[in-house]
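My plan is to start with a few single residues and then step back to the whole chain.

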Amino acid sequence: MAATAPYVSWDSPISVSMLTASRVTHGQLFTDGDRVLWTESRPYNAGRTAIVECDANGDLQDVTPDDFDARP
């Protein structure tokens, strides 16, 4: 028989970090001619903030190096 536990006191195999680990959030948006740039917060990359560029052809690339955090 299943037991009833008080609200938020039960054990769950799902954690907050599991839910947020892959959630990329987009921040500031900039334009520069035919380019659009924005910031991305990347939890899967130790919370690093990267600057991403989309060129006139629709190609995406990181502007910042992998080991650089653009967080202000």
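Which residues does Thr64 touch, not counting residues up to four places away in sequence? I am working from a predicted model. I looked up the contacts and found Arg48, Ala50, Ile51 and Ala70.

**Entry: Thr64**

I placed Thr64 first. It is found in the segment after β4, a strand that covers 60–62. I then checked its cover. Thr64 has a relative accessible area of 8%. The cut-off for buried is under 20%, so Thr64 counts as buried. I also followed its side chain. The side chain reaches the backbone nitrogen of Ile51, and the distance is 3.3 Å. Ile51 is also one of the residues that Thr64 touches.

**Entry: Thr39**

Thr39 sits in strand β2, which runs over residues 35–42. Is Thr39 buried or exposed? Its relative accessible area is 16%, so I noted it as buried. Its side chain reaches the backbone nitrogen of Gln28 at 3.0 Å. I listed its contacts next, leaving aside neighbours within four places in sequence. On one stretch I found Thr25, His26, Gly27 and Gln28. I also found Thr49, Ala50 and Ile51. Ala50 and Ile51 were on my list for Thr64 too.

I moved to Ser22. It lies in the loop between α1 (16–20) and β1 (25–32). Its relative accessibility is 61%, so I put Ser22 down as exposed. I took one distance from here. Ser22 and Ile51 are 17 Å apart in space, C-alpha to C-alpha. In sequence, 29 residues separate Ser22 from Ile51.

**Entry: the loop between β2 and β3**

I looked up two residues here. Asn45 has its place in the loop between β2 and β3. I read a relative accessible area of 30% for Asn45, which makes it partly exposed. How far apart in space are Asn45 and Ala21? I got 9.0 Å, C-alpha to C-alpha, for a pair 24 residues apart in sequence.

Phi of Ala46 is near 60°, a positive value in a residue other than glycine. I wrote down the background as well: most residues other than glycine have a negative phi.

**Entry: the loop between β3 and β4**

I checked Gly58 here. Its place is in the loop between β3 and β4. With a relative accessible area of 44%, Gly58 is partly exposed. I took its distance to Thr39.

**Entry: the whole chain**

I stepped back. How many helices and strands does the protein have? I counted one helix and four strands. Along the sequence the pattern reads α-β-β-β-β. I checked the radius of gyration next. It is 19 Å, well over the 11 Å that the globule rule gives for 72 residues, so the protein is more spread out than a compact globule. I also noted the span of the C-alpha trace. Along the principal axes it is about 65 × 25 × 20 Å.

Of the 72 residues, 17% count as buried. Thr64 is buried, and Thr39 is buried. I took contacts between residues at least 6 apart in sequence. Of these, 2% join residues at least 24 apart.

I finished with surface and charge. The accessible surface comes to about 5800 Å². Carbon and sulfur atoms account for 56% of that surface. I noted 5 positive and 11 negative side chains. The centres of the two sets lie 6 Å apart.

Key. Residues are numbered from 1 along each chain as its sequence is written. This is a predicted model: local features need pLDDT of at least 70, side-chain atom pairs count only at pLDDT 80 or more; totals for chains, interfaces and linings use all residues. Side-chain values use heavy atoms; hydrogens and water are left out. Helices (H or I, at least four residues) and strands (E, at least two) are DSSP runs, numbered from the N terminus. Buried means under 20% relative accessible area, exposed over 50%, partly exposed in between (1.4 Å probe, protein chains only). A polar contact is a pair of N or O atoms within 3.5 Å; within protein, one must be able to donate a hydrogen and the other to accept it, and residues adjacent in sequence count only if both atoms are side-chain atoms. Contact means heavy atoms within 4.5 Å. The radius of gyration is taken over C-alpha atoms; the globule rule is 2.2 Å times the number of residues to the power 0.38. Accessible areas come from the Shrake-Rupley method with a 1.4 Å probe; for residues, only the protein chains shown count as cover. Lys and Arg count as positive and Asp and Glu as negative; His and the chain ends are not counted. The place of a charge is taken as NZ of Lys, CZ of Arg, CG of Asp or CD of Glu.
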